[in-house]
Amino acid sequence: ISISVGTVLGCSAGIAMGVLVFSAYKLGLLYQLFHKTETKSPRHGGESVAAVLRAHGVKYLFTLVGGHISPILVACEKVGIRVVDTRHEATAVFAADAVARLSGTVGVAAVTAGPGLTNTVTAVKNAQMAESPLLLMGGAAGTLLQGRGALQDIDQMSLFKPLCKFCASIRTIREIVPTVRKALAIAQSGTPGPVFIEFPIDTLYPYHLVSKEFGVKNPPKGLMGKVVSWYLNNHLMNLFAGAWETRDVSPLPVDIPQATDDQVQKCIELVSRAKKPVILLGSQATLPPTPADDIRKTLENLGIPCFLGGMSRGMLGKDSPIHIRQNRRDALKEADLVLLAGTVCDFRLSYGRVLNRRSKIIAINRDKTQLLKNSDMFWKPTIAIQGDAGSFLVRLSKGLKGHRCPEEWPQTLKAGDVTKEKGNRAKADEKTEHHLNPLKVLHCVDELMAEDSIIVADGGDFVGSAAYIMRPRGPMRWLDPGAFGTLGVGGGFALGAKLCRPESEVWIVYGDGSLGYSVAEFDTFTRHKTPVIAVVGNDACWSQISREQVPILGSNVACGLAFTDYHIVTDGYGGKGYLIGREDEDRLSDIIRQAQRETREGKATLLNVLIGKTNFREGSISV
């Protein structure tokens, strides 16, 4: 086959032209032809970030300060976003997580590069597994210095890609607004979760500072020197080209999956025929767009007995006749229909093994993987719907208008609740060998806490007991880490909760082990005037581990702690601490009321309660 010289030359010229155009595009030369660089402007990239956050209704930015991110913090403060600094980066992310859960918006945190970001990894993973919409912004080395050994320069994107729905690294200032808008929409769409944006330091500071830092001071001589000087100057000009042009900062649409009409109708038919239905409500049911109060009314209209987990605790108030708290395993064995509304068949439901194979099972979840988890082994859904649980329940109730669950079924389950809780209450009156009975302490707190209280759970053994004794008074009044079981959420969750609901009492229920992670945040509570109340079950032990490790392996190694004076630590951070031992048993209620008064007057308080051992967690509250 003969090919003419002209053809070869034409192809070569075309390829060369393509390479030149592509190079010009990558170097920003084409963009710079139509968009100018304002070298005299004092503006900086942090202002673009703040403008988008304000337009999205963000009220709080949690941080631990670092030079990489200072422009973001200063700009947010100037536009009225409250900047709240914590004593550990993980706390900043936990606080943002709590704000996301309680406000229905995206929680936002910003931390510095390198170790600042690595300190957040556990908290970001917790938000991912708890399905909390969260934006994490992190500093980074300058765009030209990444991978060249700059201070705190690591491959941050590789760390966060497995943890986040969306990751981006800003390369020019003009990218900031569209990237932040996109990230905020993705965080809330589908199954909510964390997103991450990396901001190299030269994308945040003003031109005159960046040019001094990255400009060529003594360029090499000769052709290579000229090439290097041109490249660096072009990079700088492209970095700021079109930076301050007007851009849309308003929120992008959020995509929320919904059940189809046909799916809802099939579920209406199944529920209408059920004699012993049960609803297992998970955290997803509390997500926007359906208000929690609408979900509560819907459940009350259906009249179906409900087991509430995660953020849905408190959905039905303190004493609802359809809220069942005990004997879940027995109820599921007897149920002829189970509705998994945002509940996952993971370890919390024995991977689905607790479900009766003869039961009709309706599962709805925004995430397809979670929707069908372990359905290949231990259970099979009759109907599986990838959609929003809250909206589905409202539509189901409307379709079942006039139909209610037979009353004898929830009454039977409630009677079992009453019997079980009487037995648990009797255990609270027993004397422990040493110190106070933890069950009595928890009952006392439950009876005295205000009706608008928010409960933050952070611990193992003591908190596990609290989950069965303390009753949230309403929707969105219980915060726990979720499926990841993370210790250390207490300080951050309480901080976010108190900011969102300043009029409410915020109680942190701590184990003495978990307190160690965030006790320093009492300094944050003091500085930012966010008075909370903490009750610490101090048994000088990692008891949840010890009660299995000792009988199985015959050693208490690494489980023992000390009866530390946590109340004195609290005093040192500007709060008010109380030590409560067996000699204070008759005054327990009075001390709790005093702590509540101190909190109303603006002081964060901590009750360091010395507790003894019980067998309550060894079977009396099994589900």
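**Cysteines, helix, salt bridges and pocket**

Modeller: C76 counts as buried because its relative accessibility is 0%; buried means under 20% relative accessible area, exposed over 50% and partly exposed in between, with a 1.4 Å probe and protein chains only. This is a predicted model, in which local features need pLDDT of at least 70 and side-chain atom pairs count only at pLDDT 80 or more, while totals for chains, interfaces and linings use all residues. Residues are numbered from 1 along each chain as its sequence is written, and side-chain values use heavy atoms, with hydrogens and water left out.

Colleague: How many disulfides does the structure hold?

Modeller: The structure holds zero disulfides, a disulfide being a pair of cysteine sulfur atoms within 2.5 Å. C76 is in no disulfide, and the nearest cysteine sulfur, that of C500, lies 16 Å away.

Colleague: Changing topic, is helix α20 enclosed or open?

Modeller: Helix α20 (residues 490-500) is largely enclosed by the rest of the structure, because ten of its eleven residues are buried. Helices (H or I, at least four residues) and strands (E, at least two) are DSSP runs, numbered from the N terminus.

Colleague: Which residues of α20 are buried?

Modeller: They are G490, G491, G492, F493, A494, L495, G496, A497, K498 and L499.

Colleague: And how many salt bridges does a search of the whole structure find?

Modeller: That search finds 25 salt bridges, each defined as a side-chain nitrogen of Lys or Arg within 4 Å of a carboxyl oxygen of Asp or Glu. In one of them, R43 pairs with E47 at 3.1 Å, N to O. E47 is partly exposed at 29% relative accessible area, and R43 is partly exposed at 35% relative accessibility.

Colleague: Which residue does D346 meet in a salt bridge?

Modeller: D346 meets R348, at 2.6 Å from N to O. D346 counts as buried, at 10% relative accessibility, whereas R348 is partly exposed, with a relative accessible area of 41%.

Colleague: What about R473, which residue does it form a salt bridge with?

Modeller: R473 forms one with E451, and the closest N and O atoms are 3.4 Å apart. This pair links distant parts of the chain, 22 residues apart: R473 is in the loop between α19 (461-469) and β13 (478-479), and E451 is in the loop between α18 (438-448) and β12 (454-458). R473 is buried, at 10% relative accessible area, but E451 is exposed, at 53%.

Colleague: Which residues are linked with R473 in a network of salt bridges?

Modeller: The network joins R473 to D319, D446, E451 and R471.

Colleague: Last topic: what volume does the second largest pocket have?

Modeller: Its volume is about 350 Å³. On a 1 Å grid over the protein atoms alone, a pocket is an open set of points where a 1.4 Å probe fits, with protein on both sides within 12 Å along at least five of seven lines, and lining residues have an atom within 4 Å of a point. Grid points are joined across faces, edges and corners, and the volume is the space filled by probe spheres set on the points.

Colleague: Which lining residues are closest to the centre of that pocket?

Modeller: Of the 15 residues that line the second largest pocket, K26, R171, T172, H235 and N238 are the closest to its centre. Helix α11 gives the most to this lining, with five residues, and α1 (5-26) and α11 (222-240) each supply at least two.
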